[in-house]
Amino acid sequence: MLATSTQNHTVQDLFARIVEARRVTDDLFDIVRPEALYDRPIPERHRIVFYIGHLEAFDWNLLNGRVLSAAKFAPELDRLFAFGIDPVGGGFPTDEPSDWPSIGQVREYVERVRAELDERIPGAGEGSALGEFSADLLLNVAIEHRLMHAETLAYMLHRLPYERKSPPVAADGGMRRSLSYSGSAPPMIEIPAGPVTLGLMRASGAFGWDNEYEEHTADLPSFSIDRYKVANADFLEFMRDGGYDGRAFWNETDWEWKEANRISHPAFWRPVGDAWVWRGMFAEFPLPADWPVYVSHAEASAYAKWAGKCLPAETQWQRAAYGAGGELRKFPWGSATPDSTRGNFDFESWDPTSTASHPAGASPFGVEDLLGNGWEWTATLFAPFPGFEPFPFYRGYSADFFDGKHYVIKGASPRTAACMLRPSFRNWFQPQYQYVYAGFRCVSNRLD
Ligand code: AVJ
Ligand code: FE
């Protein structure tokens, strides 16, 4: 278990977690061969080099003037690397590698930022540092921001051709896989009508992002939910039944996107003759039948429609995972510290594993594999909870995405740090985005 999982509140502990998180992201950039540092593995996103500068620029822009005070030394780089991109409406960035500083300059910037911060963070006060925000809050923002990028970078590097990356020595090659499971859709579990708690109480003092507040409850009618995530073999049945060509299974926007981009299979699959291979992080292998299928919201929704089911609302997913919620159930399985028996998360693996391999992570209703092994798409548009307030020091973190164009995903993937396994954590992406480590499970009835 990494230091990334520890809940702690002293500046010393938080500083140690920053150092640990830097090791995680440094190791990721080491996977990229030098000739690939200016590649853009995902057309909608920045080139890899941007992220090397971004992680440090973010910490610097956030902490300088709030937790510590130091003179700026490269304001143009602070701005250049300040924010990532998520274009809506199909426009892709058109910059060239030559538009970016040399890798030497970027690395120098990174080293300098770290030196300036490391000289000052350990001495920063825990309470209100320089301004109105506590060092505790701002350091948690820096840590989780970096760890989220450790995940989004992993799925970005996933798309880099194998010859443009070097696997770390200990990389698993998708060893735990079975070809024998024959798909048929997971069995379903009945969830009785009852209450669910969403969100995080501001008064609790626990760290969360702006979109996690305020805590509130809802009452749900009964529904059934898949015991496991939908597996590759299940999804193959949909494909064999002409799912990608069945107009009725797709809404208009998803259909147009699929047609325009000639999408006919999950982005993690590749056809070889009349079989399929799975494109793992460092190697390809025959499609593991019992692994969760990773697909876009569009493809997940089409499968659900074909199966006569729906994607769960965020509230339904939450109730299936945590029951009524409340103080004691910190995780679907209870309050025991997350470890590898509970799910495939916290950088445990580069690729998923069987959907049925973590019975010890089951929820009070017996629903399995809820945290880890791939996020799960919901039918819920990302929107503020009642009582939402943007962080004044990062107003756009969530609010920029309350645009009716992003859906909530819940759970975690093999590359999600353990500190983000809390019930209130929410993640979001556009419905046609295929590259996230995200799959889905279905419910019997939609909540409107
Ligand atoms: C919460 C994962 C959707 O990567 O777009 C990182 C996190 N925001 N830097 C993203 C984020 C700014 C965000 N997600
Ligand atoms: Fe970022």
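I'll talk about a pair of helices, then a ligand, then a sheet. Keep in mind that this is a predicted model.

Okay, helices. Two packed helices are described by the angle between their axes and by how far apart those axes are. For helix 1, residues 11-31, and helix 5, residues 135-158, the angle is about 15° and the axes are 10 Å apart. Angles under 35 degrees count as roughly parallel, so helix 1 and helix 5 are roughly parallel to each other. Their crossing is left-handed. And who's in the contact between them? By class, 16 nonpolar, three polar and three charged residues.

Which element gives the most to the shell around ligand 1? Helix 5 does, with four residues. Strand 10, residues 427-429, is also among the elements giving two or more. If you want to find the spot on screen, look for residues including His145, His149, Asp86 and Trp428. By class, that shell has two nonpolar, five polar and one charged residues.

Now, strand 10 takes us to the sheet. That's an open sheet of four strands, in the order 10-9-8-11, with mixed pairing. Strand 10 and strand 11 are the edges, each pairing on one side only. Strand 8, residues 375-381, pairs with strand 11 in the parallel sense, over two bridges. One to look for: Glu376 has Gly439 in strand 11 as its bridge partner. Finally, helix 9, residues 314-322, packs on the sheet and touches strand 8 and strand 9. The direction of helix 9 makes about 135° with that of strand 8.

Key
Residues are numbered from 1 along each chain as its sequence is written. Chains are lettered from A and ligands numbered from 1 in the order in which they are written. This is a predicted model: local features need pLDDT of at least 70, side-chain atom pairs count only at pLDDT 80 or more; totals for chains, interfaces and linings use all residues. Axes are lines fitted to C-alpha atoms, for helices over the stretch in contact, and angles run from 0 to 180 degrees between N-to-C directions. Angles under 35 degrees count as roughly parallel, over 145 as roughly antiparallel, 65 to 115 as roughly perpendicular and the rest as oblique. A crossing is left-handed if the near helix is turned anticlockwise from the far one by less than a right angle, and right-handed if clockwise. Ala, Val, Leu, Ile, Met, Phe, Trp, Tyr, Cys and Pro count as nonpolar, Asp, Glu, Lys and Arg as charged, and the others, Gly among them, as polar. A residue is near a molecule or strand if its C-beta atom, placed from the backbone, lies within 6 Å of it. Two strands pair if DSSP finds at least two bridges between them. Two residues are in contact if their C-beta atoms, placed from the backbone, lie within 7 Å.
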